[in-house]
Amino acid sequence: MSQQESPEGNGNGDTKGASVIVNAIAVLRTFTADEPLLGVTEIANRVGLHKSTVSRILATFEQEHLVERDPETRRFRLGLGLIAIAGPLLAELEERRVAYPVLRELTERTGETSALMVWNGAESMCVEQIASHHQIRHTTPLGVRYTDAMSASVQVFLSAEPTERVRALLRSGAITYPGLDDAGLDGYQIKLKDVTARGWAVNYGESSIDEVGVAAPVLDHRGDIVAAVLISAPRFRVSRDRLQSLGEACAAAAHKVTTRLGGRPLGSAGQEGPSQSPA
């Protein structure tokens, strides 16, 4: 019996109930954009539960349309019932509503995929996306979460966190970072300061060799970073010169969303100033 399923010694029903919920959430989180179809055995191996337990959880989810079974493979995928749950949240997410037309314009101007990212304390998550019209493109599906320290949006959010908080996230592994040592941590902090000074972050094939990402912060009326605008593109299509152009376009879009939220955009040196026009 796995540790997750071990009975509690004190017979506390609340504790057992919480464990069931944790297990159910773990099952849902095994589904990803890269692996949308999974079988019971695959899920059980990944979450450390018995197949019978996973089968019971999936059966309940299927009744509520949170998962559905592929008729040919008999494997499971996430169901449309999840949209009914997430819909009210997304509808009330002001940043998403305000950013949508700006993202559409950004994708039209740059030809690349644009997205809106939010921060949950240890992950950057996509809540809106406008895909590139190119046949070869990089996309950021809704709900995708990034925890790589080199991800452009993660850099943006961490640039606003206190130094000790950043170090704690990196040391704990919540945010993944290659070459983690004191010198590496110091170098990463310098990188975050550069993000603040420049006004946008760069991921030039650092987290994925084939992909380039640039991201810029969206601020609310208090001056806090509440979201990030992200542009992602295939690396072969982005020269160093075009990287600068994309960064400026991304920052201008983020400034526009900031203004629509009632915030005051920051200039390139971290001071209040006018927005730049997309190149």
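## Confidence along the chain

In this predicted model, helix α6 (residues 152–158) has the highest mean pLDDT among the elements of the chain, at 97, while helix α4 (residues 81–92) has the lowest, at 69. Taken over the whole chain, the average pLDDT is 85, and 86% of the residues score at least 70.

Two stretches deserve a friendly word of caution. Over residues 1–9 the pLDDT is below 50, and the model gives this stretch 16 contacts beyond near neighbours in sequence. The pLDDT also stays under 50 over residues 268–279, for which the model has 28 contacts beyond four places in sequence.

## The largest pocket

If you like pockets, here is one to look at: the largest has a volume of about 1,600 Å³. Its lining is made up of 36 residues, and those closest to the pocket centre are Phe31, Leu78, Leu142, Gly143 and Val144. Two or more lining residues come from each of α1 (13–29), β2 (76–78), α4, β4 (124–130) and β5 (145–146).

Helix α4 gives the most to this lining, with six residues. Keep in mind that α4 is also the element with the lowest mean pLDDT, 69. By residue class, the lining of the largest pocket divides into 22 nonpolar, seven polar and seven charged residues.

## Strand β4 and its partners

Strand β4, which gives two or more residues to the pocket lining, is mostly covered, with six of its seven residues buried. On one side of the pairing list is β3 (residues 113–119), which runs antiparallel to β4 and is joined to it by six bridges. These two strands form a hairpin with four residues between them, and Gly121 in the turn has a positive phi of about 105°.

Strand β4 also pairs with β5: the two run antiparallel and are joined by two bridges.

## Asn23 in helix α1

Helix α1 is another of the elements that give two or more residues to the lining of the largest pocket, and Asn23 has its place in this helix. Is Asn23 buried or exposed? Its relative accessible area is 7%, which is under the 20% cut-off, so Asn23 counts as buried.

Note on methods
Residues are numbered from 1 along each chain as its sequence is written. This is a predicted model: local features need pLDDT of at least 70, side-chain atom pairs count only at pLDDT 80 or more; totals for chains, interfaces and linings use all residues. Side-chain values use heavy atoms; hydrogens and water are left out. pLDDT is the predictor's confidence in each residue, from 0 to 100. Contact means heavy atoms within 4.5 Å. On a 1 Å grid over the protein atoms alone, a cavity is a set of points where a 1.4 Å probe fits but cannot get out, and a pocket is an open set with protein on both sides within 12 Å along at least five of seven lines; lining residues have an atom within 4 Å of a point. Grid points are joined across faces, edges and corners, and a volume is the space filled by probe spheres set on the points. Ala, Val, Leu, Ile, Met, Phe, Trp, Tyr, Cys and Pro count as nonpolar, Asp, Glu, Lys and Arg as charged, and the others, Gly among them, as polar. Buried means under 20% relative accessible area, exposed over 50%, partly exposed in between (1.4 Å probe, protein chains only). Two strands pair if DSSP finds at least two bridges between them.
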